[in-house]
Structure formats: structure tokens, C-alpha cells
Amino acid sequence: MTKITDYIRQANGKTLFSLEVIPPLKGSNIKELLANIEPLMDFKPPFIDVTYHREEYIEQALPDGSIKRIVTRKRPGTLGICSSIMHKFGVDAVPHVLCGGFSREETEDFLMDLHYLGIDNVLVLRGDPAKPYKTFKPKTNGHQFAGQLVEQVANMNKGQYLHEGVDPLEPTDFCIGVAAYPEKHFEAVDFDVDFDYLKQKIALGADYMVTQMFFDNQKYFQFVKRCREAGITIPIIPGLKPLSTKKQLSILPRIFYLEMPEEFVKSVEACENDTQAKQVGIEWCTQQCKELMDFGVPVLHFYTMGKSENIYKIASQLY
């Protein structure tokens, strides 16, 4: 595999195309996922991210009035999907690696599986709280913060494992990506605190970052400026998602804690149906991308949410 940072370096300033996919629900077929990826291969993505979904807790009422807690994982298969993508398309897969749901030992074992498969790129995230809970709680002997997970991966790259004595072992060679939030992580007290956490992740070994989706390019430009002024030199990949329904105008800001530009909001609100809203979303995202490419971003990274039609229409105007 080629590292994400090497792909960017080898592009010599050309903006690359990439995407993120989510595993299908357990019991579903992988064919639809692969069919949605296939048209986007026209734009030669060097890598495809595959999300990881932690366990969820379902509370079931029993006849005696007691509550039984059931643990389930609704979207398993990240590792298998990575393997399928690499086999079918010959494209590097980038699995998400989470703090949530893993002990440090389980994390090490998962990373070894990736290493043996030749997967050398990972996106390291804290992850969300386990549903239906609202606060994040690490697994016993797990990581509370993404920076701790970055450090563990970086240590393995030095041949330092958890319980294997003092002598260095065969090192891994992971290229470590982390998340960044141009509009602040929703749990952070303020942007300064959030930015300090980002700097810690970079100091601990992050090689590149991918931003949360945004609809106002100025948020991204201001974020990049602040990073560069702080001496942060690693690639900053913008994450993008075209709006596809009118309802997303209220859903996306609530879920992802982002602002929608007033001009964009008015355009979507004027739409009579989702077909019109989807077209507005395509046009807005296309203009975002053109401006970002002029700015010189290394990659346009699209959150597909399992769909590809609108992203194909956008990318066909750019590549």
C-alpha cells in the first residue's frame, strides 16, 4: 500500500478525489455498496475510507417488569469491506480505528490484523458514545481520547507493543490520520480547547487530518490559516457532503454541529421538493469544490452516506 501522505506528495499539487463509505446493516448484501462505489472509480480515487461502528445497547422489557440489556453491532464488517474494496478495485482502503468499544489489547490485535493484510493507512477517532447513551465512556483498559490511540499506533510504528518486554519488536508502518473540526468539536468548551487537543494528536504522531463536513468554505480557510500559523504542516483534507433532502437542512447542523450559510439556506428553503433540494445541494457543493481546488487542497474527500449519484455529478464537473 501507499501512504496517504505519499499519494498527496506524488500528486504534485493536483487535488485528488476520495470518498468514505459505511458498512451495510448486518444481514444486508455488500453488492449494493460495491455498486455505489464502482461509478466513482472513474475519478481514480487513490483511497477509500471505511467507517467502523461500535456496539449499541438495546433495552428489552421482560414480562416480569425487569429490563434486559442486549448488546448488538448493527454495522459490522469494516475489515471485510476493506479487503473487498482492495480486491475488487485495486484501491487502498483506510479503516477507521476507534477508541470506543475497544480495550488497548483489542486495539493492538485489530491493528495487527490490518498490518498483516498490508493495510498501512488508518483514520484514528475517539468515536461516538454507545447508543443510547449520551456521554462517551471507554471500555475497561481502553482509551478515553483519540490522542491516546494515536500514541498507541505511533508506538507500534516504533516496535513498541503493550506487554512484550523492553526489546523492540517488528515495527508497523501506519500512516495515521485524525479528525479535525473547523467549527469546533461539539463537546469542546471552546475552539481554543479543541485546537489544543488537535495539536496534541499531531505531536503524538498524526500524519494528516480530515475535517468534519462544512458548507461554508471560509470556515475551512480560517481553520487552515490558524493551523499554519501554529506551525502545523501536515495535510488538511476537507470533508464534504452534498445536501440531498430539504430535511437535512435542519438535521445536519443538529447532528454535526455546523453552520449553514444564509444564502444556501434560503436556496434550499425555496425548493418545492427534495428533487430540487438535491440539485441545489449538487450545485452548492460543486462551487465549494471549485473554490477549494483553487485554494490548493490536497484531496476532496466525500462522505457518501451509501450513495454515489450526486457525488458522481459533482466530480464529473471537476475531474
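In which strand does threonine 72 lie? Threonine 72 is part of strand β4, residues 67–72. The model described here is predicted.

**Threonine 72**
- Threonine 72 counts as buried because its relative accessibility is 18%, and the cut-off for buried is under 20%.
- Leaving out residues up to four places away in sequence, threonine 72 touches Lys26, Glu55, Glu56 and Ile58.

- In general, the strands of a sheet pair through backbone hydrogen bonds, and the pairing is either parallel or antiparallel.
- Strand β1 (residues 16–21) runs parallel to β2 and is joined to β2 by three bridges.
- Valine 21 stands opposite valine 50 of β2.
- Between β1 and β2 the chain passes through helix α2 (residues 31–37), making a right-handed β-α-β crossover.
- Strand β2 (residues 47–50) is covered on both faces, with Phe47 and Asp49 buried on one side and Ile48 and Val50 buried on the other.
- Four bridges link β2 in the parallel sense with strand β5 (residues 92–98), and valine 50 is opposite proline 95 of β5.
- Strands β9 (residues 236–240) and β10 (residues 299–303) are also parallel, with two bridges between them.
- Glycine 239 is placed opposite histidine 301 in β10.

**Helix α5**
- Helix α5 (residues 146–157) contains 12 residues.
- From first C-alpha to last, α5 reaches 17 Å, close to the 16 Å expected at 1.5 Å a residue.
- An α-helix has 3.6 residues a turn, so residues three or four places apart point the same way.
- The buried residues of α5 are Ala146, Gly147, Leu149, Val150, Gln152, Val153, Ala154 and Met156.
- These buried residues pack against β5, α4 (104–116), β6 (121–125), β7 (175–180) and α6 (191–204).

**The nonpolar core**
- The largest nonpolar core has 96 residues, of which Ile37, Ile85, Leu198, Met209, Met260 and Phe302 touch the most other members.
- Helix α10 (residues 274–295) supplies the largest share of this core, six residues.
- Apart from neighbours within four places in sequence, phenylalanine 302 has contacts that include Phe17, Leu19, Leu240, Cys285, Cys289, Ile311 and Ile314.

**Backbone features in loops**
- Most residues other than glycine have a negative phi, and most peptide bonds are trans.
- The peptide bond from lysine 131 to proline 132 is cis, with omega near 10°.
- Proline 132 is in the loop between β6 and α5.
- Lysine 184 is not a glycine, yet its phi is positive, near 80°.
- The loop between β7 and α6 holds lysine 184, which counts as partly exposed because its relative accessibility is 22%.
- Tyrosine 257 also has a positive phi, about 55°, although it is not a glycine.
- Tyrosine 257 is found in the loop between α8 (248–256) and α9 (262–269).
- At 43% relative accessibility, tyrosine 257 counts as partly exposed.

Key: Residues are numbered from 1 along each chain as its sequence is written. This is a predicted model: local features need pLDDT of at least 70, side-chain atom pairs count only at pLDDT 80 or more; totals for chains, interfaces and linings use all residues. Side-chain values use heavy atoms; hydrogens and water are left out. Buried means under 20% relative accessible area, exposed over 50%, partly exposed in between (1.4 Å probe, protein chains only). Two strands pair if DSSP finds at least two bridges between them. A crossover is right-handed if, with the strands pointing away from the viewer, the path from the first strand over the helix to the second runs clockwise. Contact means heavy atoms within 4.5 Å. A nonpolar core is a set of buried Ala, Val, Leu, Ile, Met, Phe, Trp, Tyr and Cys residues joined through side-chain atoms within 4.5 Å. The expected span of a helix is 1.5 Å times one less than its number of residues.
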